[in-house]
Amino acid sequence: MASSSLVKLNASSSSWIGQQSFNQRSGSSCRLPVSNRRVSVIRAAGSYTDELIKTAKTIASPGRGILAIDESNATAGKRLASIGLDNTEANRQAYRQLLLTTPGLGDYISGSILFEETLFQSTTDGKKFVDVLRDQKIVPGIKVDKGLVPLPGSNNESWCQGLDGLASRSAEYYKQGARFAKWRTVVSIPCGPSALAVKEAAWGLARYAAISQDNGLVPIVEPEILLDGDHPIERTLEVAERVWAEVFYYLAENNVVFEGILLKPSMVTPGAEHKEKATPEIIAKYTLTMLRRRVPPAVPGIMFLSGGQSEVEATLNLHEMNQSPNPWHVSFSYARALQNTVLKTWQGRPENVDAAQRALLIRAKANSLAQLGKYSAEGESEEAKKGMFVKGYTY
(Lines give C-alpha, C1' and ligand atoms only; values in the text may rest on other atoms or scores of the structure.)
Protein backbone atom coordinates (compact mmCIF):
# COMPACT_ATOMS: atom_id res chain seq x y z
CA MET A 1 0.00 0.00 0.00
CA ALA A 2 2.28 2.75 1.27
CA SER A 3 5.75 3.18 -0.11
CA SER A 4 7.11 5.69 2.38
CA SER A 5 9.19 4.83 5.43
CA LEU A 6 8.31 5.69 9.01
CA VAL A 7 11.06 6.93 11.30
CA LYS A 8 10.89 5.38 14.77
CA LEU A 9 12.14 6.64 18.12
CA ASN A 10 15.54 5.52 19.34
CA ALA A 11 14.92 2.22 21.10
CA SER A 12 17.96 2.69 23.31
CA SER A 13 16.14 5.39 25.30
CA SER A 14 14.67 2.72 27.62
CA SER A 15 15.78 3.42 31.19
CA TRP A 16 16.48 -0.23 31.98
CA ILE A 17 16.77 -3.23 29.75
CA GLY A 18 16.92 -6.98 30.00
CA GLN A 19 17.88 -8.62 33.27
CA GLN A 20 18.75 -5.38 35.08
CA SER A 21 16.51 -5.13 38.16
CA PHE A 22 14.47 -2.10 39.20
CA ASN A 23 16.87 -1.22 41.96
CA GLN A 24 20.16 -1.83 40.16
CA ARG A 25 22.22 0.01 37.61
CA SER A 26 24.39 -1.86 35.19
CA GLY A 27 27.98 -2.03 36.31
CA SER A 28 29.25 -3.63 33.15
CA SER A 29 32.30 -2.08 31.54
CA CYS A 30 31.48 -3.68 28.19
CA ARG A 31 30.48 -0.95 25.73
CA LEU A 32 29.99 -0.94 22.00
CA PRO A 33 32.19 1.32 19.93
CA VAL A 34 30.42 4.56 19.09
CA SER A 35 30.41 3.65 15.40
CA ASN A 36 28.44 0.47 16.15
CA ARG A 37 25.76 2.02 18.32
CA ARG A 38 22.28 2.29 16.92
CA VAL A 39 21.10 5.90 16.66
CA SER A 40 17.73 5.35 14.99
CA VAL A 41 15.42 2.62 13.82
CA ILE A 42 13.81 2.95 10.41
CA ARG A 43 11.05 0.67 9.26
CA ALA A 44 9.75 0.38 5.74
CA ALA A 45 5.97 0.67 5.81
CA GLY A 46 4.17 -2.65 5.42
CA SER A 47 1.28 -3.41 3.12
CA TYR A 48 -1.31 -2.57 5.80
CA THR A 49 0.33 0.56 7.22
CA ASP A 50 -2.03 3.14 5.74
CA GLU A 51 -5.05 1.09 6.77
CA LEU A 52 -3.70 0.56 10.29
CA ILE A 53 -3.17 4.29 10.79
CA LYS A 54 -6.65 5.06 9.47
CA THR A 55 -8.25 2.44 11.73
CA ALA A 56 -6.41 3.70 14.81
CA LYS A 57 -7.48 7.28 14.08
CA THR A 58 -11.08 6.17 13.57
CA ILE A 59 -11.15 4.47 16.97
CA ALA A 60 -9.44 7.48 18.56
CA SER A 61 -12.13 9.90 17.39
CA PRO A 62 -13.47 12.76 19.54
CA GLY A 63 -16.07 11.82 22.13
CA ARG A 64 -15.83 8.09 21.52
CA GLY A 65 -14.15 5.08 23.11
CA ILE A 66 -14.18 1.28 23.21
CA LEU A 67 -16.78 -1.09 24.60
CA ALA A 68 -14.90 -4.19 25.79
CA ILE A 69 -17.09 -7.31 25.69
CA ASP A 70 -14.29 -9.81 25.14
CA GLU A 71 -14.82 -11.81 28.32
CA SER A 72 -13.88 -15.46 27.89
CA ASN A 73 -16.69 -17.98 28.19
CA ALA A 74 -15.61 -18.70 31.77
CA THR A 75 -15.65 -15.02 32.76
CA ALA A 76 -18.91 -14.46 30.92
CA GLY A 77 -20.28 -17.30 33.01
CA LYS A 78 -19.36 -15.46 36.21
CA ARG A 79 -21.19 -12.36 34.99
CA LEU A 80 -24.27 -14.35 34.01
CA ALA A 81 -24.24 -16.27 37.31
CA SER A 82 -24.42 -12.94 39.16
CA ILE A 83 -27.95 -12.49 37.77
CA GLY A 84 -28.93 -16.15 38.04
CA LEU A 85 -28.37 -17.26 34.45
CA ASP A 86 -26.67 -20.43 33.25
CA ASN A 87 -23.49 -20.11 31.22
CA THR A 88 -24.87 -21.26 27.84
CA GLU A 89 -24.03 -20.03 24.36
CA ALA A 90 -27.63 -18.87 23.95
CA ASN A 91 -27.44 -16.70 27.09
CA ARG A 92 -24.06 -15.27 26.11
CA GLN A 93 -25.44 -14.48 22.65
CA ALA A 94 -28.55 -12.84 24.11
CA TYR A 95 -26.52 -10.57 26.37
CA ARG A 96 -24.05 -9.54 23.69
CA GLN A 97 -26.90 -8.96 21.26
CA LEU A 98 -28.48 -6.62 23.81
CA LEU A 99 -25.24 -4.63 23.99
CA LEU A 100 -24.37 -4.47 20.30
CA THR A 101 -27.87 -3.67 19.00
CA THR A 102 -28.34 -0.69 21.32
CA PRO A 103 -29.70 2.14 19.12
CA GLY A 104 -27.36 5.14 18.99
CA LEU A 105 -24.39 3.27 20.49
CA GLY A 106 -22.10 4.44 17.69
CA ASP A 107 -22.50 8.05 18.82
CA TYR A 108 -20.30 7.26 21.82
CA ILE A 109 -18.52 4.00 20.95
CA SER A 110 -15.94 3.77 18.15
CA GLY A 111 -14.77 0.18 18.65
CA SER A 112 -15.85 -2.99 20.41
CA ILE A 113 -13.54 -5.80 21.50
CA LEU A 114 -15.17 -9.19 20.95
CA PHE A 115 -14.41 -12.70 22.13
CA GLU A 116 -13.80 -15.19 19.32
CA GLU A 117 -17.24 -16.75 19.81
CA THR A 118 -18.93 -13.37 19.33
CA LEU A 119 -16.86 -12.43 16.26
CA PHE A 120 -18.30 -15.41 14.41
CA GLN A 121 -21.82 -15.18 15.88
CA SER A 122 -24.97 -13.58 14.52
CA THR A 123 -28.07 -12.09 16.10
CA THR A 124 -31.12 -14.29 16.59
CA ASP A 125 -32.39 -12.73 13.35
CA GLY A 126 -29.31 -13.98 11.48
CA LYS A 127 -27.34 -10.74 11.09
CA LYS A 128 -23.60 -11.05 11.75
CA PHE A 129 -22.49 -9.15 14.82
CA VAL A 130 -19.65 -7.59 12.82
CA ASP A 131 -22.23 -6.16 10.42
CA VAL A 132 -24.31 -4.86 13.33
CA LEU A 133 -21.23 -2.96 14.48
CA ARG A 134 -20.31 -1.67 11.03
CA ASP A 135 -23.82 -0.29 10.55
CA GLN A 136 -23.23 1.85 13.64
CA LYS A 137 -19.75 2.87 12.38
CA ILE A 138 -18.16 0.87 15.22
CA VAL A 139 -14.92 -0.96 14.42
CA PRO A 140 -14.98 -4.67 15.35
CA GLY A 141 -12.03 -5.90 17.43
CA ILE A 142 -10.91 -9.27 18.74
CA LYS A 143 -9.22 -10.62 21.88
CA VAL A 144 -6.29 -12.73 20.66
CA ASP A 145 -4.37 -13.75 23.79
CA LYS A 146 -4.90 -17.17 25.37
CA GLY A 147 -4.83 -16.06 28.98
CA LEU A 148 -2.40 -15.94 31.88
CA VAL A 149 -0.37 -18.85 33.25
CA PRO A 150 2.29 -19.05 36.00
CA LEU A 151 5.73 -17.75 35.00
CA PRO A 152 8.46 -20.19 36.15
CA GLY A 153 11.38 -18.52 37.88
CA SER A 154 9.37 -15.47 38.91
CA ASN A 155 7.96 -14.21 42.20
CA ASN A 156 4.60 -15.98 41.84
CA GLU A 157 3.89 -13.93 38.69
CA SER A 158 2.21 -14.63 35.35
CA TRP A 159 2.90 -14.50 31.66
CA CYS A 160 0.46 -14.38 28.76
CA GLN A 161 0.16 -17.20 26.20
CA GLY A 162 -1.05 -17.03 22.63
CA LEU A 163 1.83 -16.30 20.24
CA ASP A 164 1.77 -19.80 18.75
CA GLY A 165 -0.52 -19.73 15.73
CA LEU A 166 -1.29 -16.04 16.20
CA ALA A 167 -0.45 -15.08 12.60
CA SER A 168 -2.87 -17.58 11.06
CA ARG A 169 -5.57 -16.76 13.60
CA SER A 170 -5.14 -13.04 12.97
CA ALA A 171 -5.51 -13.55 9.23
CA GLU A 172 -8.81 -15.38 9.86
CA TYR A 173 -10.03 -12.66 12.20
CA TYR A 174 -9.24 -10.01 9.59
CA LYS A 175 -11.14 -12.01 7.00
CA GLN A 176 -14.13 -12.19 9.36
CA GLY A 177 -14.14 -8.39 9.72
CA ALA A 178 -11.98 -7.61 12.77
CA ARG A 179 -9.74 -4.58 12.34
CA PHE A 180 -8.04 -4.33 15.71
CA ALA A 181 -6.81 -6.76 18.36
CA LYS A 182 -6.30 -6.91 22.10
CA TRP A 183 -3.67 -8.74 24.16
CA ARG A 184 -3.77 -8.37 27.94
CA THR A 185 -0.93 -9.21 30.26
CA VAL A 186 -0.53 -8.13 33.87
CA VAL A 187 2.09 -6.78 36.27
CA SER A 188 1.66 -7.20 40.02
CA ILE A 189 3.24 -4.65 42.34
CA PRO A 190 2.93 -6.81 45.50
CA CYS A 191 4.85 -9.53 43.65
CA GLY A 192 7.79 -7.23 42.97
CA PRO A 193 7.42 -6.93 40.10
CA SER A 194 10.45 -8.92 38.99
CA ALA A 195 12.55 -7.82 36.03
CA LEU A 196 11.83 -11.22 34.49
CA ALA A 197 8.05 -10.73 34.61
CA VAL A 198 8.23 -7.21 33.17
CA LYS A 199 10.57 -8.27 30.38
CA GLU A 200 8.33 -11.22 29.51
CA ALA A 201 5.27 -8.95 29.46
CA ALA A 202 6.96 -6.37 27.27
CA TRP A 203 8.41 -8.89 24.82
CA GLY A 204 5.12 -10.76 24.48
CA LEU A 205 3.22 -7.53 23.82
CA ALA A 206 5.76 -6.46 21.22
CA ARG A 207 5.70 -9.78 19.34
CA TYR A 208 1.90 -9.77 19.38
CA ALA A 209 1.82 -6.17 18.11
CA ALA A 210 4.17 -6.91 15.22
CA ILE A 211 2.21 -10.02 14.20
CA SER A 212 -1.09 -8.13 14.42
CA GLN A 213 0.11 -5.28 12.24
CA ASP A 214 1.49 -7.76 9.72
CA ASN A 215 -2.04 -9.15 9.38
CA GLY A 216 -3.95 -5.86 9.21
CA LEU A 217 -5.03 -5.59 12.85
CA VAL A 218 -4.32 -2.51 14.98
CA PRO A 219 -2.86 -3.91 18.22
CA ILE A 220 -4.08 -2.64 21.57
CA VAL A 221 -1.06 -2.82 23.86
CA GLU A 222 -2.20 -3.62 27.41
CA PRO A 223 0.17 -4.31 30.29
CA GLU A 224 -2.33 -3.99 33.13
CA ILE A 225 -0.74 -2.94 36.42
CA LEU A 226 -3.09 -4.56 38.90
CA LEU A 227 -4.79 -2.54 41.64
CA ASP A 228 -3.95 -5.20 44.24
CA GLY A 229 -1.78 -3.98 47.11
CA ASP A 230 -1.48 -1.33 49.82
CA HIS A 231 1.25 0.71 48.12
CA PRO A 232 1.08 4.52 47.65
CA ILE A 233 0.48 6.19 44.29
CA GLU A 234 4.18 7.08 44.03
CA ARG A 235 5.06 3.37 43.87
CA THR A 236 2.52 2.80 41.12
CA LEU A 237 4.03 5.65 39.13
CA GLU A 238 7.53 4.20 39.51
CA VAL A 239 6.45 0.77 38.31
CA ALA A 240 4.30 2.14 35.47
CA GLU A 241 7.15 4.25 34.12
CA ARG A 242 9.53 1.30 34.09
CA VAL A 243 7.00 -1.07 32.55
CA TRP A 244 6.18 1.32 29.71
CA ALA A 245 9.87 2.07 29.11
CA GLU A 246 10.44 -1.65 28.59
CA VAL A 247 7.31 -2.03 26.43
CA PHE A 248 8.27 0.75 24.06
CA TYR A 249 11.84 -0.50 23.82
CA TYR A 250 10.64 -3.87 22.55
CA LEU A 251 7.93 -2.37 20.35
CA ALA A 252 10.70 -0.46 18.57
CA GLU A 253 12.94 -3.54 18.44
CA ASN A 254 10.10 -5.39 16.69
CA ASN A 255 9.58 -2.59 14.16
CA VAL A 256 6.04 -1.82 15.30
CA VAL A 257 4.55 1.30 13.69
CA PHE A 258 3.60 3.55 16.60
CA GLU A 259 1.04 5.45 14.52
CA GLY A 260 -0.86 2.17 14.06
CA ILE A 261 -1.24 1.06 17.69
CA LEU A 262 -3.48 1.95 20.62
CA LEU A 263 -2.57 1.69 24.31
CA LYS A 264 -4.75 0.34 27.12
CA PRO A 265 -2.95 1.35 30.31
CA SER A 266 -4.10 1.27 33.90
CA MET A 267 -4.64 4.63 35.54
CA VAL A 268 -1.95 5.49 38.07
CA THR A 269 -3.68 5.06 41.43
CA PRO A 270 -2.71 3.92 44.92
CA GLY A 271 -3.11 0.21 45.64
CA ALA A 272 -6.72 -0.70 46.33
CA GLU A 273 -5.89 -1.42 49.98
CA HIS A 274 -3.88 1.76 50.58
CA LYS A 275 -5.12 3.77 53.56
CA GLU A 276 -5.46 7.02 51.58
CA LYS A 277 -7.72 7.27 48.55
CA ALA A 278 -6.56 9.60 45.77
CA THR A 279 -8.82 12.26 44.27
CA PRO A 280 -9.50 12.35 40.51
CA GLU A 281 -7.23 15.40 40.32
CA ILE A 282 -4.30 13.49 41.86
CA ILE A 283 -4.92 10.40 39.73
CA ALA A 284 -5.02 12.55 36.58
CA LYS A 285 -1.81 14.35 37.57
CA TYR A 286 0.16 11.14 38.18
CA THR A 287 -1.27 9.30 35.18
CA LEU A 288 -0.55 12.13 32.75
CA THR A 289 2.94 12.49 34.22
CA MET A 290 3.61 8.83 33.43
CA LEU A 291 2.22 9.13 29.90
CA ARG A 292 4.17 12.28 29.07
CA ARG A 293 7.39 10.67 30.25
CA ARG A 294 6.94 7.39 28.43
CA VAL A 295 4.49 7.53 25.49
CA PRO A 296 5.54 9.06 22.14
CA PRO A 297 3.07 11.57 20.66
CA ALA A 298 2.98 9.41 17.51
CA VAL A 299 0.62 7.03 19.36
CA PRO A 300 -2.93 8.06 18.37
CA GLY A 301 -4.97 6.87 21.33
CA ILE A 302 -4.75 6.05 25.02
CA MET A 303 -7.80 3.89 25.85
CA PHE A 304 -7.81 3.41 29.62
CA LEU A 305 -9.01 0.26 31.36
CA SER A 306 -11.15 0.67 34.47
CA GLY A 307 -9.53 -2.15 36.47
CA GLY A 308 -12.18 -2.56 39.15
CA GLN A 309 -13.02 1.11 39.71
CA SER A 310 -16.68 2.00 40.06
CA GLU A 311 -18.48 3.25 36.97
CA VAL A 312 -18.45 6.81 38.32
CA GLU A 313 -14.80 6.69 39.48
CA ALA A 314 -13.62 5.57 36.04
CA THR A 315 -15.61 8.35 34.37
CA LEU A 316 -14.53 11.08 36.79
CA ASN A 317 -10.85 10.17 36.43
CA LEU A 318 -11.10 10.20 32.63
CA HIS A 319 -12.86 13.57 32.74
CA GLU A 320 -10.11 15.05 34.87
CA MET A 321 -7.43 13.87 32.43
CA ASN A 322 -9.16 15.77 29.64
CA GLN A 323 -9.21 19.18 31.32
CA SER A 324 -6.30 20.32 29.19
CA PRO A 325 -5.04 19.27 25.73
CA ASN A 326 -3.02 16.04 25.41
CA PRO A 327 -0.76 14.85 22.57
CA TRP A 328 -2.98 11.76 22.22
CA HIS A 329 -6.70 10.98 22.24
CA VAL A 330 -7.27 10.11 25.92
CA SER A 331 -10.33 7.90 26.18
CA PHE A 332 -11.74 4.65 27.53
CA SER A 333 -11.86 0.92 26.86
CA TYR A 334 -14.14 -0.21 29.64
CA ALA A 335 -15.79 -3.56 30.33
CA ARG A 336 -17.33 -3.68 33.82
CA ALA A 337 -17.41 0.14 34.06
CA LEU A 338 -19.80 0.18 31.09
CA GLN A 339 -21.66 -3.06 31.75
CA ASN A 340 -22.26 -3.37 35.49
CA THR A 341 -25.53 -1.42 35.69
CA VAL A 342 -26.61 -2.82 32.33
CA LEU A 343 -26.32 -6.41 33.51
CA LYS A 344 -28.18 -5.75 36.75
CA THR A 345 -30.93 -3.92 34.86
CA TRP A 346 -31.36 -6.74 32.34
CA GLN A 347 -31.55 -9.69 34.77
CA GLY A 348 -31.88 -12.02 31.76
CA ARG A 349 -35.47 -10.93 31.10
CA PRO A 350 -36.63 -9.99 27.57
CA GLU A 351 -38.94 -7.29 28.96
CA ASN A 352 -35.89 -5.52 30.47
CA VAL A 353 -33.86 -5.25 27.25
CA ASP A 354 -34.94 -1.68 26.44
CA ALA A 355 -34.18 -0.47 29.97
CA ALA A 356 -30.79 -2.22 29.92
CA GLN A 357 -29.94 -0.59 26.59
CA ARG A 358 -30.87 2.81 27.99
CA ALA A 359 -28.54 2.11 30.93
CA LEU A 360 -25.72 1.33 28.48
CA LEU A 361 -26.32 4.58 26.59
CA ILE A 362 -26.25 6.55 29.85
CA ARG A 363 -22.82 5.13 30.73
CA ALA A 364 -21.48 5.42 27.20
CA LYS A 365 -22.61 9.05 26.96
CA ALA A 366 -21.11 9.85 30.38
CA ASN A 367 -17.72 8.55 29.23
CA SER A 368 -18.08 10.34 25.91
CA LEU A 369 -18.55 13.60 27.82
CA ALA A 370 -15.56 12.69 30.03
CA GLN A 371 -13.42 12.21 26.94
CA LEU A 372 -14.41 15.72 25.89
CA GLY A 373 -13.76 17.05 29.42
CA LYS A 374 -17.44 17.95 29.92
CA TYR A 375 -18.76 15.31 32.35
CA SER A 376 -20.62 16.02 35.58
CA ALA A 377 -21.37 13.32 38.16
CA GLU A 378 -24.56 15.09 39.20
CA GLY A 379 -27.52 12.70 39.15
CA GLU A 380 -25.46 9.49 39.03
CA SER A 381 -27.10 6.49 40.71
CA GLU A 382 -25.80 4.86 43.86
CA GLU A 383 -25.30 1.64 41.90
CA ALA A 384 -22.91 3.43 39.52
CA LYS A 385 -20.84 4.59 42.49
CA LYS A 386 -20.17 1.10 43.86
CA GLY A 387 -16.57 -0.11 43.49
CA MET A 388 -15.94 -3.34 41.60
CA PHE A 389 -12.45 -4.20 42.79
CA VAL A 390 -11.97 -7.88 43.64
CA LYS A 391 -8.67 -8.90 45.24
CA GLY A 392 -6.86 -11.45 43.09
CA TYR A 393 -9.50 -11.12 40.37
CA THR A 394 -8.97 -13.43 37.39
CA TYR A 395 -10.55 -13.16 33.94
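Student: How many of the residues of strand 5 (residues 139–143) are buried?

Tutor: Keep in mind as we go that this is a predicted model. In strand 5, five of its five residues are buried, and the strand is mostly covered. Both of its faces are covered, with Val139, Gly141 and Lys143 buried on one side and Pro140 and Ile142 buried on the other.

Student: Which strands pair with strand 5, and in what sense?

Tutor: The general idea is that strands of a sheet pair through backbone hydrogen bonds, either parallel or antiparallel. Here, strand 4 (residues 109–114) pairs with strand 5 in the parallel sense over four bridges, while three bridges join strand 5 to strand 8, which also run parallel.

Student: What do the strands form when we follow the pairing onward?

Tutor: They form a closed barrel of eight strands, which runs 3-4-5-8-9-10-11-12 with parallel pairing. Strand 3 and strand 12 (residues 329–334) pair in the parallel sense over two bridges, and there Leu67 has Tyr334 of strand 12 as its bridge partner. As for the helices, helix 7 (residues 195–214) lies across strand 8 and strand 9, running at about 175° to strand 8.

Student: Is Glu71 buried or exposed?

Tutor: Glu71 counts as buried because its relative accessibility is 8%, and buried means under 20%. Glu71 is placed in the loop between strand 3 (65–69) and helix 2 (73–81), where its side chain makes a polar contact with the side chain of Arg79 (2.7 Å). Leaving aside neighbours within four places in sequence, the residues in contact with Glu71 include Arg96, Phe115 and Gln339.

Student: How many disulfides does a search of the whole structure find?

Tutor: A disulfide is a covalent bond between the sulfur atoms of two cysteines. The search of the whole structure finds zero disulfides. Among the cysteines, Cys160 is buried, with a relative accessible area of 7%, and Cys191 also counts as buried, at 17% relative accessibility.

Note on methods. Residues are numbered from 1 along each chain as its sequence is written. This is a predicted model: local features need pLDDT of at least 70, side-chain atom pairs count only at pLDDT 80 or more; totals for chains, interfaces and linings use all residues. Side-chain values use heavy atoms; hydrogens and water are left out. Buried means under 20% relative accessible area, exposed over 50%, partly exposed in between (1.4 Å probe, protein chains only). A polar contact is a pair of N or O atoms within 3.5 Å; within protein, one must be able to donate a hydrogen and the other to accept it, and residues adjacent in sequence count only if both atoms are side-chain atoms. Contact means heavy atoms within 4.5 Å. Two strands pair if DSSP finds at least two bridges between them. Axes are lines fitted to C-alpha atoms, for helices over the stretch in contact, and angles run from 0 to 180 degrees between N-to-C directions. A disulfide is a pair of cysteine sulfur atoms within 2.5 Å.
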